[in-house]
Every structure is written in C-alpha cells, then in structure tokens.
Amino acid sequence: MKIGIVCYPTYGGSGVVATELGKGLAALGHEVHFISYRQPARLDSFHENIFYKEVRFANYPLFDYPPYETALASKLVDVVKYDKLDILHVHYAVPHASVAYMAKKILLNEGIYIPVVTTLHGTDITLVGKDPAYAPVVTFAMNKSDGLTAVSESLKQDTTNFFKVDKDIKVIPNFIDFNRFKKTNKDHFKKALSPNNEKIITHVSNFRKVKRVDDAIRVFSIVNKQIPTKLLLIGDGPERQSMELLCRELNICDSTRFLGKQDAIEELLAISDLFLMPSESESFGLSALEAMACEVPVISSNAGGLPEVNIHGKTGYLSDIGAIEDMANNALKILSDEETHANFRMRALEQAKKFDIANILPIYEDYYQHIIDTTVFNK
Ligand code: GMT
C-alpha cells in the first residue's frame, strides 16, 4: 500500500505513535509518506520505503497567523496526486481531520479518490476539540472521515459522550517496539544518577498542566522521606520552571534531576525502579507503557485510559486524580520489599507484551484495506 501519514512532528504522543506506525509499516514493505511542517522527532534514520514531504508556507505581512491549514491541504493534494497514494492517515483531529477532508474534496473534483482515516489521540477530544472554538469543525470532520480510530476504549467513550458522531470508532491501542524498549544493563548511568544506590523514580511528560507534574514531585517528596530515592524528571514544557521552584520549596533539589528532552528515554527507563503518571487526563499513557516494557511498575491516576494499561495491584497502582498520599503509600508498598518489587516488574513486562507492535501493525493493515474496499465517494 502507499500510505500518507499526517502528524505533528513534536515529541508529543500522537507524533510518536504516528512515526513509529509509519516506520513499522515501511518495514513490512509499504510505501510511507510523512507529511508535516518539520521532520518528525522519531523519524531519525533512513529507510528506502519512507519519504518525508515538508509543508512549507511563506508568511505574508498581512497575516498575523500564517494559513497552515491551506498549505497542508495543498501539500496533501500534491502528494496524493503525484505519489499515487492509496490512503491518508491523519493523527490528532485538530486540524488534520478537516484539512484531509478538504484535500479529499479537491482531489475528488479532479477524479482522484483518496480515503481518509483519522486517529483520535487524546487532547484533540478531551481538551482542545471540545473547545467551542473548534468543536463544530471537529465533529463535522470526524463524521466525514472514512475511518475513525481511538487509542483506547475510554477515549472512544469520551468521544461519543461529547460529540455527535455517527461513525463507528475502532479502538486500536498504542503499541511498543520491544527492540528498543527493554531492560538493558546501564549500570554506568545508574552509578552516575544514584551514586549510593538510591531507588530511581521517573516521570516523563511534556510538562503541561494536564500532566500534574506537581503531584509527581509531591509523591516523590513523601516517598523520599522514608526510602533513599532519586527523582528523574524527563521532558520539557510550560510547567518546568514552576516545578523547579516547587522542588526548592520542598527542599528536595539534591534528590531531583531535571533532564529535559531526551532521545534515548529507554536508557533512563532501564535504570528506573518506579514510574509516576498522575495525569488529570490521559487517553492511553504511552510513556507508562514504555516504562512497563522496561520492567518498571507504574503509579498512576485512574484518569481516562490508564486503567486499560496499568492494572491495579498487578503492574502498579491506580489512585484518584490528586490523591497524593495514596500514590505515595502505593509507591512505598512496591519499593519497600524486593520480592514485591520484582513481581510488579515481571507483571508490568507481561502486560506491556499485549501491546507489542507486531500485534498492532496487522490491525492497522486490515483496517486500511477495509476502508479502501468499502469507501463510497460522493461528489
Ligand atoms: O498530551 C500528550 O501527552 C500528547 C498527546 C498527543 O496527542 O500528542 O498524547 C496523547 O496521545 C498519546 C498517543 O496516542 C497517548 O498515549 C496520550 O495518553 C495522549 N495524552 C493525553 O490524553 C493527555
């Protein structure tokens, strides 16, 4: 198949899933064209079946906001037409779903038929898409997509609860590549980051409010009073500076490292003992899955799709959003006994295996074929 993938090129979960999906499909022999305004962060190596098409748009003094949607739609028309794509798969509904619809209509006008699949990732539904500034367009574009997928049952439910969607939504979860995410020996990192063999607790996010990084820091602060521990904070975003101040306030700066954005996250997960994800909203929780694949148990909130990933009492624990004491007690339960910790580690890995990319790629292939075979085009 010739597949066009539209995504945000940033480190955000939707861009990561889109890029890893495209890489996986290319490895299976499909021709994959990534269309974005910058080379996606994880598109970091050459593959003969992968093409990157950059959306370029010149600004003009008249515009306060350059018309990105128009440039993207034009690029989609161009790529579909000249590379003869079979299907377009857009990740994150805003604005990709409506832009793809526009491209599809322009192409139809020229007698070219391109089915569109939209994948809903999370905040495009739970936060941004709900905003009255976008909701009518998001609803329309979802209903006009030929295929609609969501990354968890919870996100599917959120979508149908809020939006009037008459399309069937197929749940295809996030996935993990075990060639990359696995527990490896990184003792030299461990020695550098926890010289006295302190347990390592890790949080990875884009430091947005929705991630409740302050909860992660407060949970750590309680645990740290009872067990020698270090906190690794990986990622960057709007909350970073206030989180540094919070660490000062709680007097835990000596036990805390802000590592910023990291490409080789798996190397830091390989030395982690526990992962914190106290999010306010989380449609799936890809970072938690990455941790589990590296045998790291997860202390998380019970928001959104997290209960579909982190199994309470088996792979970690779930608590209500903001229940800092409960999260800290759960962390202590896991970390204070070696045998308990080892059991949680083992079960985290077992659960992660259910989301092996090798199991998920064929689901996407079948779904694309089904959409190509069944889409009816109306002028
Ligand atoms: O907010 C983020 O974490 C980024 C966001 C995105 O769409 O870029 O991630 C969402 O998509 C990921 C991949 O499908 C999911 O694993 C994350 O749970 C989801 N984030 C939220 O729902 C907050």
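1. A cavity, as the word is used here, is a set of grid points where a 1.4 Å probe fits but cannot get out. By that test, the second largest cavity of this predicted model has a volume of about 30 Å³. Its lining is made up of Y8, P9, T10, Y11, G15, V16, T19, P40, A41 and R42. By class, that lining has six nonpolar residues, three polar and one charged.

2. Searching the whole structure gives two cavities of 30 Å³ or more. The volume of the largest cavity is about 90 Å³. Around the largest cavity are V16, V17, E20, R42, F175, I176, D177, F181, L286, E290 and I357. Helix α1 (13-27) and helix α11 (286-293) each give at least two residues to this lining, and α1 has the largest share, with three. The lining of the largest cavity holds seven nonpolar and four charged residues, but no polar ones.

3. On the domains: the chain is split into domain 1 (2-175 + 357-378) and domain 2 (187-353). Their centres, taken over C-alpha atoms, are 31 Å apart. In the contact between them, domain 1 takes part with 18 residues and domain 2 with 14 residues.

4. On the cores: the largest nonpolar core has 73 residues, and the members that touch the most others are M142, F275, L289 and Y368. Helix α15 (residues 357-374) is the main contributor to this core, giving seven residues. Domain 1 and domain 2 each supply at least three residues to this core. A separate core of 28 residues lies apart from it, with I227, M243, L246 and C247 among its members.

5. On the second largest pocket: its volume is about 280 Å³. Its lining consists of 16 residues, of which K104, K144, D146, T375 and V376 are the closest to the centre. Two or more lining residues come from each of α3 (93-109), α5 (135-144) and α15. Helix α3 provides the largest share, four residues. Sorted by class, the lining of this pocket has five nonpolar, six polar and five charged residues.

Methods. Residues numbered from 1 in each chain as written. Predicted model: local features only at pLDDT ≥ 70, side-chain atom pairs only at ≥ 80, totals over all residues. Heavy atoms only, no water. Core = buried A, V, L, I, M, F, W, Y, C linked by side-chain atoms within 4.5 Å. Buried < 20%, exposed > 50% of the residue type's maximum accessible area, 1.4 Å probe, protein only. Domains from an automatic or database assignment. 1 Å grid on protein atoms, 1.4 Å probe; cavity = no way out; pocket = protein on both sides within 12 Å on 5 of 7 lines; lining within 4 Å. Points joined across faces, edges and corners; volume = space filled by probe spheres on them. Nonpolar A, V, L, I, M, F, W, Y, C, P; charged D, E, K, R; others polar. Contact = heavy atoms within 4.5 Å.
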